[in-house]
Each structure stands twice: as C-alpha cells, then as structure tokens.
Amino acid sequence: MIKKYLYTAWMSAKKDLNSGVLYLLPNYIIKIVYLLPLVLLWRILISSGAKIDLTLDQMLTYTYMSALLSGLLVIQSPLGSWLYEGLVISLYQRPLSIYGHVIAQTLGSNLTTLVLFSLPMALISPLIGISITPHSWWFLLSLVLCTALGFALDFIFASLMIHMMNATWIVHSIRAAIVFLFSGAVIPFAALPWGLDKVLIYQPFASLAGAPLSIYTGISNPIDIIPIQLFWTVTLCIAAVAYFRKSQERLVSHGG
C-alpha cells in the first residue's frame, strides 16, 4: 500500500531535477541571501544588549534551522495551484487517494531541497559559528506533528479557496499573513514582549514552526508543547477531511 506513495514522492523529487541543479540554484541563493543577514542582525542586536529572553546561541540556531527545515515547518503543497488550473480533477483518476497524493508529492519535492540546500548548509554551520545540535530529540515527534498539522491547514485553506470560487491570490495572501504572524517561523514567541508567548502558544498556528523549533533550541519544554500540538493536529486533521469532502461537491459542480 505504502509503496505507491513512496514511488510518487520519488517521482516528485526527480521532477525537480529535470532541468538540472543549476535551475534550482537561484532559489537556494535567495534562501541564503535571506538567512545570512538575519543571522548577522540577531548577532548585532543581542551582542549590543537588546533585552530578549533567549541566548545568542538559541536565537541563531532557531533562525538557522527555521531556514533549513522551512519546507516541513510550514507546508506549502501544490494543491492551491492545482485547484486554480483545474488539474486537481485528474487526481481522482489515479490509483491514490487525493490526500495521499498531495502529501507524497509535497514531501518528495521537499526532499530535493533538504538534500541540495539543507544538508550542505548544515555541514557548513560550524564555519559560521552556529550550533545545530538539538537540545532535545523530542523535536522529531514535534516536527512530525507540525508537518501533519501543516497538511491539515493546507486542505482547509484549499477548501476555502473552492468556496471562494478559486480566489487563489486572496486566500494565499491571507494564509501567508496569518502564518507569518502566528506560527513563530521567523521570530520566536519567547522573544515577544508583554508575555505574548504565554497566550500565542495555545492557538493552532503556534503548533507549526514555533513548536519544533522551540523544543530544538531548548526554549520550551516538550511536555508543555507536544500535548497542544497533538490536540490541534488531531482536531484539524478531522476538520480538514470533513471540510474538503464537503467542498468537493462544489469543485465538481464548477468543473474544477
């Protein structure tokens, strides 16, 4: 049963290499251009005495690993573009569930980035003075829950897109803004003022990037984070399947 999904993921990974590694290089350069100035900024701010409840090493590791694992921390599947282009209809003609197909293809595509970008960047991290040793290996469980929750949210936003007559850009903009503000992908909640971290960790988007990264860097205790992640993952996975099943009727009625 699982073999066909693994093969789909492998095909997706190979597809990204059809035009060669040089074709992917500009995307990786952009990631580096984004990452290195951010690392330098945190070094300057914390070294100059900025009041942040994190050590310099924690902040640098958080920022660095956020870039290296970005494809798993905040899931971005091709489902939205498939809906807009009408390609999603063809998925129903294949011997895979639509959920499994989207998950396999997305993870396969992320595999390319992990091998060609994340692995080399992990190897050079000691050269730029950044430790990527995890504080707790519980972050692996947290990362799995984060990724599962990411797919659930992806299907929920795709369903919303269907109900909004494929208003792809509007839904994408709303989603990007929410994730940027509430997932902790860029700035750790612990670095926010007025004790906002104590409130924000209970909303579902906090169980995305911020959860595994805070465990990875030792900012948060796994016992405090993983139960919240588990609750939101189970709840929203059930909600995502139910909402998408109901939305499929609109998808068919509008011809994709």
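Student: What radius of gyration does the protein have, against that of a compact globule with 256 residues?

Tutor: This is a predicted model, in which local features need pLDDT of at least 70, side-chain atom pairs count only at pLDDT 80 or more, and totals for chains, interfaces and linings use all residues. Residues are numbered from 1 along each chain as its sequence is written, and side-chain values use heavy atoms, with hydrogens and water left out. The radius is taken over C-alpha atoms, and the globule rule is 2.2 Å times the number of residues to the power 0.38. For 256 residues a compact globule would come near 18 Å, which agrees with the protein's value of 19 Å.

Student: How many helices and strands does the secondary structure hold?

Tutor: Helices (H or I, at least four residues) and strands (E, at least two) are DSSP runs, numbered from the N terminus. The count is twelve helices and zero strands.

Student: Why does the span of helix α8 agree with its 25 residues?

Tutor: The expected span is 1.5 Å times one less than the number of residues. For residues 139-163 that rule gives 36 Å, so it agrees with the distance between the end C-alpha atoms, 36 Å.

Student: How many residues of α8 are buried?

Tutor: Buried means under 20% relative accessible area, with a 1.4 Å probe and protein chains only. Helix α8 is mostly covered, its buried residues out of 25 being 18.

Student: Which residue with positive phi follows α8?

Tutor: The phi in question is near 60°. The residue that follows α8 is Met 165.

Methods. Buried means under 20% relative accessible area, exposed over 50%, partly exposed in between (1.4 Å probe, protein chains only).
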